[in-house]
Amino acid sequence: MLSLPRALSGAQPTADSYHLGNYIGAFKNWVQLQDDFEAFYFIPDMHAITVDYDPARLTERTYIAAAQMIAAGVDPERSALFVQSHVPEHAQLAWILNGVTGYGEASRMTQFKDKSAKAGAEFASVGLFTYPILMAADILIYQADKVPVGEDQRQHVELTRNLAQRFNHRFGETFTVPEAYIVKDSAKVYDLQEPTSKMSGSNPVHTGVIDLTDTAKQAAKKIKSAVTDSGSEIFFDPKEKPGVSNLLTIYSVMTGKSIDELVTEYAGKQYGHLKVDLAEIVGDFVEAFGTRTSELLADKAELDRIFAAGAAKAREVATPTLELVYERSGFVKAGR
């Protein structure tokens, strides 16, 4: 029996809820990948502490993250779902990779530039600077073939590829060189109030962001209040009609109807008709999603069991990888 290729991805627990953009742009793809890949999905709590954070909130958000991933369709019986800090090989490999990463290439990573620019580089942590190297370790420790990421994460995957190739060249074939897995037809969801900007949980003005913990009423209100465009005709054109196009995209993903079908269905109708119908669809979705999430969060012992099982499955792959890396690095094996 041929083994499946491996895919790995994660989503940080840095908010009290993921949002509709996370669900449409990431989690729906993760669910589909479970059919064709040996999937490893994790909650990067170690990445989350590279910026200022509250420990108690991180704990709670880690559970919320797991519950929402499962509610979205990630199946712990088919995939390894685990917490990053539960698999120490991530951090151990990251230290090895620090030794083969140039300061210059690390300093060119855009995420550090963007995040450190807000508070000033002198206030940024070393962890934030080395964040991409830990991310490379996250991927390489599982010998992943594919890394499902958005276009904005491609630079991190390229660094991972470079480090894998460099290590292999210096010390012998050790790592699978992964590829970014960017779904070409994956839908992008934009802020309902700023439809030219990606929907983001970090946006302090949350009126354009549908959280997966929103009530049906809250979600419906946000859809109905969404910014639309000049004119009244409903058609798909992200440049000329970004607001309406964003609503059509959400509608299409949530119902399975094509954009063309929706344009035909709403021909001659007003923006309000589209908003009212979509508000009901999204409202029903978040209500059911919230109920399932609450059920999962009510049994944290079961989530702990899922974490333990996921970490055990992950370590079955991570441990032999690290052992090989240590051997190739010249480390004396413990217990000799």
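1. Helix axes here are lines fitted to C-alpha atoms over the stretch in contact, with angles running from 0 to 180 degrees between N-to-C directions, and the helices themselves are DSSP runs (H or I, at least four residues) numbered from the N terminus. On that basis, the axes of helix α10 (residues 216-224) and helix α13 (residues 271-297) come within 8 Å and cross at roughly 150°. The two helices are therefore roughly antiparallel to each other, a label given to angles over 145 degrees.

2. The model is a predicted one, in which local features need pLDDT of at least 70 and side-chain atom pairs count only at pLDDT 80 or more, while totals for chains, interfaces and linings use all residues. Residues are numbered from 1 along each chain as its sequence is written, and side-chain values use heavy atoms, with hydrogens and water left out.

3. The crossing of α10 and α13 is right-handed, meaning that the near helix is turned clockwise from the far one by less than a right angle. In terms of contact (heavy atoms within 4.5 Å), Ala216, Ala219, Ala220, Ile223 and Lys224 of α10 meet Lys275, Leu278, Ala279, Val282, Gly283, Val286 and Glu287 of α13. This contact comprises 8 nonpolar, 1 polar and 3 charged residues, where Ala, Val, Leu, Ile, Met, Phe, Trp, Tyr, Cys and Pro count as nonpolar, Asp, Glu, Lys and Arg as charged, and the others, Gly among them, as polar.

4. Helix α8 (residues 131-140) packs with helix α9 (residues 154-171) at an angle of about 70°, their axes being 9 Å apart. That makes α8 roughly perpendicular to α9, the class for angles of 65 to 115 degrees. The crossing of α8 and α9 is also right-handed. From α8, Tyr131, Pro132, Met135, Ala136, Ile139 and Leu140 make the contact, and from α9, His156, Leu159, Thr160, Leu163 and Ala164. The residues of this contact divide into 9 nonpolar, 2 polar and no charged.

5. Between helix α3 (residues 55-72) and helix α14 (residues 300-329) the packing angle is about 80°, with the axes 11 Å apart. That makes α3 roughly perpendicular to α14. Glu60, Thr62, Tyr63, Ala66 and Ile70 of α3 meet Lys300, Leu303, Asp304, Ile306 and Phe307 of α14, a set that divides into 6 nonpolar, 1 polar and 3 charged residues.

6. Helix α14 also gives the most to the lining of the second largest pocket, with 6 residues. A pocket is an open set of points on a 1 Å grid over the protein atoms alone, where a 1.4 Å probe fits, with protein on both sides within 12 Å along at least five of seven lines, and lining residues have an atom within 4 Å of a point. About 340 Å³ of space lies in this pocket, the volume being the space filled by probe spheres set on the points, which are joined across faces, edges and corners. Of its 13 lining residues, Glu323, Tyr326, Glu327, Lys333 and Ala334 are the closest to its centre. The lining divides into 6 nonpolar, 2 polar and 5 charged residues.

Conventions:
Parallel < 35°, antiparallel > 145°, perpendicular 65-115°, else oblique.
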